[in-house]
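Have a look at the sequence and the model first.

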Amino acid sequence: MSKITIIGAGNGGLTAAYHLSRNGHEICIYDSPKFAVQIEAVANNGGIKALEEEHGAKMILAGFSKISISTTDIKKAMEFSDICIMVCPSFAQELLFNDMLPYIRDDMRIIIMPGNYGGLVLNRILKEKFPDTMNNISFIDSITIPWACRIVSPGVITIMGLKEFLPLSIFTNNNDNKKKIEDELKDIMPIPIEILNNPIVAGLENINFGGHPLLTTLNMGILENFNGEFNYYKDCCSIATSKAASKMDLERLEIGKALGIKLRTELEAMNALYALNEISVYDFNRKSETHGKINNAPNSSKARYITEDVPYLLVPAYHLAKICDIKVPIIESCIHIASAYNDEDYFSTGRTLEKMGFKNCTKEHIINFLNK
């Protein structure tokens, strides 16, 4: 069993700490002193509780898991382990990584859930700060988190469901380490893993790509006016909106094709991850037991389905499409509308190719990188 540091104490971070501790790993969980509520609760309780039932729905993996260290001291957290799992919003990845930098050591593994091209961004930062050292840091980008989960109260979570497997990429400057890292990940992760070729594949395979930003954008009026008091997946996915999401998915697949990448369709990915066999995105959203357990719809344009999934999933795809000379009108329209909602130019503030270390790169440069 391993010692693991969890960076971030939101829904996914608390659940990661709980489940990995339940599986026998020794866990340290960290969050910024600005967000100390969960950290203090876990420290006071000695661990994390997962409920058996919430709003009349049966949850999974209920119980209590002991957490060795719950801290707002980044130095203490980084010294605990050579394996760090960052479970945080994409906008926080760079902020947290800059706090981690003084304590980064060679041979550390930085697992990012979800990656959203984060391994490329953090590697660029590392090279800028330590150009001649730190050559053996490995970044692992997962396409999602393993759990459908929520925080109920400080230190208390519910786990609605668990994916069948976790696709992820291993980005390292030392390819000889890849097999060793893969074996470590198989030991650490609570579900089987699937190795993807690189962080761009992991970013394009994120299953939040179409469903979250587009359905949220299309349903913003009802989301705001009814304060999100309904089931997002069942109530926001209609026959018409699912058709639009399918058209956006075709744009994503076309980007992958131009870069020499074969991607799963959104429906193929969702069916595989949740062991279902639905014939359409509409049917999946209507019938998935995991997604139908609680009412959890966003209630504003500031929800992460917009503020994370648009700038960190759609914007990179748009810029990749641009250098591939591919038109992506639905992706582009969704970014424009989300930008208007929040008075922000996501085309520039989102995760651009320059931020990923591809400044002034051509399509051929990107393909050469992928082939390496």
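This is a predicted model: local features need pLDDT of at least 70, side-chain atom pairs count only at pLDDT 80 or more; totals for chains, interfaces and linings use all residues.

Q: In which handedness does H8 pass H16?
A: H8 passes H16 in a left-handed crossing.

Q: Which residues make the contact between H8 and H16?
A: On the H8 side you'll find Phe209, Pro213, Leu214 and Thr217. H16 brings Ile330, Ile331, Cys334, Ile337 and Tyr341. Sorted by class, that contact of H8 with H16 has 8 nonpolar residues, 1 polar and no charged ones.

Q: What makes E6 and E11 the edges of their sheet?
A: The sheet is an open one of 4 strands, in the order E6-E3-E12-E11, with mixed pairing. Strand E6 (63-66) and strand E11 (147-153) each have a single partner strand, so one side of each has no neighbour in the sheet. On average, neighbouring strands here are turned by 30 degrees against each other, direction ignored.

Q: How do you know that E3 and E6 are paired?
A: At least two bridges are needed for a pair, and 4 bridges join E3 (residues 47-50) to E6. The two run antiparallel. As one example, Ile48 has Ser65 in E6 as its bridge partner.

Q: Which helices lie across strands of this sheet, and at what angles do they run?
A: Helix H1 (residues 11-22) lies across E3, E6, E11 and strand E12 (156-162), and runs at about 105 degrees to E11. Helix H2 (residues 37-45) lies across E3, E6 and E11, at about 95 degrees to E3.

Q: Why is E8 described as largely enclosed by the rest of the structure?
A: Count the buried residues: 5 of the 5 in strand E8 (residues 83-87) are buried, so the strand is largely enclosed. Both faces are covered, with Ile83, Ile85 and Val87 buried on one side and Cys84 and Met86 on the other.

Q: What strands pair with E8, and how many bridges are there?
A: Strand E1 (residues 3-7) pairs with E8 in the parallel sense over 3 bridges. E8 is also joined to E9 by 5 bridges, again parallel. Cys84 makes a handy landmark: Thr5 stands opposite Cys84, and in E9 the bridge partner of Cys84 is Ile110.

Q: Why does Asn116 count as buried?
A: The cut-off for buried is under 20% relative accessible area. Asn116 comes in at 3%, so it counts as buried. Asn116 also has a positive phi of about 50 degrees although it is not a glycine, and its place is in the loop between E9 and H5.

Q: Where is Pro114 placed?
A: Pro114 is in the loop between strand E9 (109-113) and helix H5 (118-129). The peptide bond from Met113 to Pro114 is cis, with omega near -15 degrees.

Note on methods: Residues are numbered from 1 along each chain as its sequence is written. Side-chain values use heavy atoms; hydrogens and water are left out. Axes are lines fitted to C-alpha atoms, for helices over the stretch in contact, and angles run from 0 to 180 degrees between N-to-C directions. Contact means heavy atoms within 4.5 Å. A crossing is left-handed if the near helix is turned anticlockwise from the far one by less than a right angle, and right-handed if clockwise. Ala, Val, Leu, Ile, Met, Phe, Trp, Tyr, Cys and Pro count as nonpolar, Asp, Glu, Lys and Arg as charged, and the others, Gly among them, as polar. Buried means under 20% relative accessible area, exposed over 50%, partly exposed in between (1.4 Å probe, protein chains only).
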